[in-house]
Amino acid sequence: MSRPSSPYAPRPEEERQPIPDPAAPPFAPPAAQALLSDREISLIRASVAVVEPLAADMAVYFYAILFTRHPEVRPLFPPGMDAQRGRLLRALLRIVDLVDDPEGLVRFCGHLGRDHRKFGTLAAHFPAVGECLLASLARFAGPAWNAEIAAIWTKAYAAVAQVMMSAAEQDAAVRPATWPATVVHRLSRGHGIAEITVRPHLPYEYTAGQYVSLETPWWPKQWRYYSAANAPREDGTLTFHVRAVPGGTVSEALVHRAVVGDVLRLGPPMGDMVLDAATHRDLLCVAGGTGLAPIRALIEEVARRGGRHQVDLFLGARTGAELYGVDDMLRMAQRHHWLTLRGAVSHEHIPGIRGSLPQVLAEYGPWYQHDCFLSGPASMVASAGETLTLHGTLPDHIHHDPFETPVLSAR
Ligand SMILES: Cc1cc2nc3c(=O)[nH]c(=O)nc-3n(C[C@H](O)[C@H](O)[C@H](O)COP(=O)(O)OP(=O)(O)OC[C@H]3O[C@@H](n4cnc5c(N)ncnc54)[C@H](O)[C@@H]3O)c2cc1C
Ligand code: HEM
């Protein structure tokens with residue numbers, strides 16, 4: 001594959017410096033100004049309304065022409081493209097939603113641009129994607145497409161691409177696109193869960209509670225997110241708790257295939273489920289399954305900061321056997337007087353452990369003066385969130401990771 005050269009191209013990993021603040025890579029957005037006039041906004045939205053019901057077919061067409069006309073970009077994408085097909089369209093819809101909010105647009109596209117570095121995206125690739133995007137819109141919008149709308153889309157795409165490229169270029173000045181990391185420890189936890197500890201080859205700065213996108217050598221280009229289960233350590237290692245999803249590509253490989261010595265690749269840390277240094281509120285933590293990982297990291301962080309918060313931790317599961325991480329958490333609770341641990345099991349009666357998570361939370365509350373961190377299966381996080389809101393917790397005090405493609409949820 002011949003790769004276009006560009007100032008945007010990543011420099012060799014060895015030359016890079018660690019970023020000063022991993023949670024907020026320095027990126028000065030261009031002056032926020034209205035991108036399109038009101039008339040242009042309504043025209044662009046009208047064209048999206050026409051193609052939206054045809055999104056699945058349009059995505060297939062888009063990638064087909066992209067890979068035929070520009071075969072040089074094909075190696076950037078995974079061999080199987082099912083999941084990705086929907087995401088590009090969803091990103092475009094999000095961008096269209098934001099066209100009258102220049103600051104939101106710059107923030108969203110900045111995230112996208114930085115995130116695209118790990119795919120190997122170069123500035124020279126943007127015209128190819130833009131050309132095929134416009135060709136797809138023209139085909140699927142049919143009679144709703146005309147020269148004026150084509151000109152508006154060209155202007156909008158150019159602005160979005162510019163923000164993505166600038167964000168990526170600024171990011172490239174301060175940190176690598178990816179971090180190779182060697183597996184240094186591996187522990188099977190039963191129930192298809194493994195704890196995998198890696199040591200990045202270059203300094204990797206992150207904040208307790210964040211998650212990391214990860215690529216394995218067995219499934220190149222397939223990036224998945226895993227939360228670090230530890231606060232930053234002096235030796236720089238990170239531990240992930242990975243559950244093998246039946247039939248899952250990357251999780252099965254990590255749990256059943258990875259051994260000490262294997263080299264993975266990490267993308268930049270993401271997520272804002274982190275401790276707010278400015279608040280002294282006590283913490284409510286609710287975890288289910290491997291959702292315990294970021295909560296564990298947060299608890300370690302509280303300990304690192306001298307245990308200034310009271311922490312109430314609830315572990316939820318359907319059955320007692322599925323309660324994950326109890327022994328580890330009991331050991332932490334024995335070490336730290338400020339940590340209280342309770343279990344909640346919804347589908348089994350166990351003496352000493354109460355019923356479903358919402359019941360238990362309601363019983364032990366109120367929590368409206370706490371900062372609440374929820375992590376686990378989407379249904380568990382949603383039901384815990386509803387219970388808390390119902391009992392007076394402000395949405396601003398409820399923190400959880402996005403349920404799916406994080407870059408699409410970035411605010
Ligand atoms: C912010 C964030 C943090 C995450 N943190 C962790 C973590 O700490 N530990 C961890 O083990 N996982 C975590 N995940 C989930 C992880 O990113 C992968 O989605 C998961 O490991 C499945 O990837 P896969 O490649 O094995 O499955 P895929 O090959 O992507 O999917 C195979 C099949 O499994 C289904 N599937 C995918 N994910 C799940 C799931 N979670 N449960 C049930 N079915 C599923 C898919 O719909 C598909 O049908 C996190 C996800 C996000 C968004
Ligand atoms: C306006 C322009 C673009 C938008 C809105 C966009 C949007 C997206 C989104 C939302 C994702 C999913 C991210 C994730 O899963 O974390 C994605 C993935 C990806 N994008 Fe883009 N993108 C754009 C331009 C480009 C360009 C120019 C390239 C280079 C050819 C590119 C290559 C990729 C690759 C390789 C992936 C990963 C695919 C996968 O994991 O399945 N994108 N893009």
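Student: What percentage of the 411 residues in the protein chain is buried?
Tutor: This is a predicted model, in which local features need pLDDT of at least 70, side-chain atom pairs count only at pLDDT 80 or more, and totals for chains, interfaces and linings use all residues. Residues are numbered from 1 along each chain as its sequence is written, while chains are lettered from A and ligands numbered from 1 in the order in which they are written. A residue is buried if 20 or more other C-beta atoms, placed from the backbone, lie within 10 Å of its own. Of the 411 residues, the buried share is 38%.

Student: Are helices H4 and H6 roughly parallel or oblique to each other?
Tutor: Helices are DSSP runs of H or I with at least four residues, numbered from the N terminus. The axes, lines fitted to C-alpha atoms over the stretch in contact, of H4 (residues 102-116) and H6 (residues 147-172) cross at roughly 55°. Angles under 35 degrees count as roughly parallel, over 145 as roughly antiparallel, 65 to 115 as roughly perpendicular and the rest as oblique. H4 and H6 are therefore oblique.

Student: How do H10 and H11 lie, roughly parallel or oblique?
Tutor: The axes of H10 (residues 357-364) and H11 (residues 378-390) come within 9 Å and cross at roughly 30°. That angle makes the pair roughly parallel.

Student: Which residues of H10 make the contact with H11?
Tutor: Two residues are in contact if their C-beta atoms, placed from the backbone, lie within 7 Å. On the H11 side are Met380, Ser383, Ala384, Thr387 and Leu388. The H10 side consists of Leu357, Pro358, Leu361 and Ala362.

Notes. Buried ≥ 20, exposed ≤ 12 C-beta atoms within 10 Å, placed from the backbone. Axes fitted to C-alpha atoms, helices over the stretch in contact; angles between N-to-C directions. Helix = DSSP H or I, 4+ residues; strand = E, 2+ residues; numbered from the N terminus.
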